[in-house]
Every structure is written in structure tokens, then in C-alpha cells.
Amino acid sequence: TKKTEVVQKNIEQSLELCAKNIKRYPESVLILQKIGTMMIGSSRWDYGDWELATGPFYTKILRGVIEVLENTTTIKHEKERIQTLIAVSIAEYRDSNDLSTFRTLIQSLKAQKKLLREGDPVYRTNMKNAMTMLEEKRLNFVSLDQEEEAKAILEECLACFGKSLDAVGPTAMLAKLHKDSRDPEIALDLYKQAKRICDENSGGGSLPQYADILSKITSLQKEVAKNEEILKAKRKTEVGNHNFMQKITSD
């Protein structure tokens, strides 16, 4: 509609002005923050005959905000810049599996931890939001070739959440990552760790992940036991062949 076109044009012009003048006017970060917040929120707002959060325009603007902020080195409004990068990266990666966006999210979270402090409520909330987004996506990071990035953000989450119930999600996701990487022993240990966290915290047994964790532990125990039996049989065969060859040689 005409109304949609006018709004989109105004947003594009605002983004372009910020990109051109952000070094001269660091306050442009605040405008970018408002643009990013508006675009993210548009997926939940009802505008009647037009919708910002659909199609390529939404992605284009969010990526535009990320690009401008990534190339901004000014210290002024650094807290706002990092917070906007985190919020926009979470929203953008939720709607895509873009590797560069994933890396931006991880780098921004690490930068915020240094800028604030590890126990800061804003940082902790951002870690929770990032984890919620990743849990909802249920990705196979190995097949996406994003294994190292996934490990990085999950380890950041574990450092932030410690042994609280918030650590159950990232621990289980890290276990799944190792399972997808065909490391059943490590995966089993991590699922057991997730179970211990649930058992040691009030209400842990009622978490939606708990039943799945128990199921994964059972299936992985069977897989590990089977692998051990196969390995034992292989070694037995190798020893038998070695003894047989020695006997032939001695005869």
C-alpha cells in the first residue's frame, strides 16, 4: 500500500543518513537503536493494512543496522551500540541461519561482558534471550558447519549461568552438539551433567527438557555400551590374528 511504501522509504533514508554521519555524530547510534527496536517489534505489532516484519525489507533493514554498527568504533554510546547489536543479531539469526550474524551475536555478547560485568542483569538477560532463540530453532550446528560458533556461545552461557537451572538448556544443547558430532561418550557425560543440575535445583524435574534428557541418557548408554562391545570384539580379533601369524612364523 501507499502507506507501507512511505514508511519503508523513511526507514531506508534514516538508515542511510546514520551510515553516512555516524562517525561525525555518534548520537546516530541512538537512532539506529530505535530503528532496530521498531523493526524487531514490528513482528508483534498490528498495523492493519501494512506489516514491516515480512519479506526482504525486514531482513534488509536489520542487516543494514548490523553492518553500520559493526563498522562503528566510537566509544560514545558504546553500551547502546553493543546492546543494539545483540538485540538485532538475535532477531536476525532467529529468521535465518546466517553465519556472519551468528558471529556478530557472539562477539557482541563477549564485548558486553567486558563492558559491564559477567553478573550484570542486562548481560544475563541477553544470554537468556540468545539461548531461548537457539533452543526454539533446534538446529544441527554440525550440518550447518557452525559447530565452533555454537560451542563458543554455549560455553559463554555456561560461564554465565553456573549451576543454576538456566544452565540446563545450554548443557543439553552442548550435549546434542557432541551427539551430532558423533562423540557419544562426551554427549552422555553432558546429558548426565544436565540431569544433575535439574536434580540439585528445586523444580528441575518439572522442566520440559527433563524427560528428553533422561531419554537421551538411556539411548546414549546403549550406544556407548554397543561401541565398547564392538571395540572389544575388534581387539579380540586383532589379538587372534597376531597369535595365528606368530604360530605360522614359528612353525
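Here is a short walk through the structure, one selection at a time.

Keep in mind that this is a predicted model, where local features need pLDDT of at least 70, side-chain atom pairs count only at pLDDT 80 or more, and totals for chains, interfaces and linings use all residues. Residues are numbered from 1 along each chain as its sequence is written, and side-chain values use heavy atoms, with hydrogens and water left out.

**Stop 1: helix α5**

Select residues 99-115, which make up helix α5. Helices here are DSSP runs of H or I with at least four residues, strands are runs of E with at least two, and numbering starts at the N terminus. α5 has 17 residues and spans 24 Å from its first C-alpha to its last, close to the 24 Å expected at 1.5 Å a residue; the expected span is 1.5 Å times one less than the number of residues.

Now colour the buried residues of α5, among them Phe102, Leu105, Ile106 and Leu109. Buried means under 20% relative accessible area, exposed means over 50%, and partly exposed is in between, using a 1.4 Å probe and protein chains only.

**Stop 2: the rings**

Rings of Phe, Tyr and Trp (its six-membered ring) pair if their centres lie within 6.5 Å; planes under 30 degrees apart are stacked, over 60 edge-to-face, and the rest tilted. That rule gives 2 aromatic pairs. One of them is Tyr93 with Phe102, stacked at 4.6 Å centre to centre with 15° between the planes. Tyr93 and Phe102 are both buried.

Phe141 is buried, as is Phe102.

**Stop 3: Ser96**

Select Ser96, in the loop between α4 (78-94) and α5. Is it buried or exposed? Ser96 is buried, at 14% relative accessible area. Beyond its neighbours within four places in sequence, Ser96 is in contact with Arg63 and Lys137, contact meaning heavy atoms within 4.5 Å. A polar atom of the Ser96 side chain also lies 3.4 Å from the backbone nitrogen of Asp98.

**Stop 4: salt bridges**

The whole structure has 13 salt bridges, each a side-chain nitrogen of Lys or Arg within 4 Å of a carboxyl oxygen of Asp or Glu. Pick Arg103 and Glu149, which meet at 3.0 Å, N to O. Arg103 is in α5 and Glu149 in α7, so this bridge ties together parts 46 residues apart in sequence. Arg103 is partly exposed at 40% relative accessibility, whereas Glu149 is buried at 12%.

Next, go to helix α8 (residues 168-180), where Asp180 and Lys176 are 4 residues apart, about one helical turn. Their side chains form a salt bridge at 2.7 Å, N to O. Asp180 is partly exposed at 23%, and so is Lys176 at 30%.

Finish in helix α10 (residues 210-250), with Asp212 and Lys216 about one helical turn apart. The closest N and O atoms of their salt bridge are 2.7 Å apart.

Key
A polar contact is a pair of N or O atoms within 3.5 Å; within protein, one must be able to donate a hydrogen and the other to accept it, and residues adjacent in sequence count only if both atoms are side-chain atoms.
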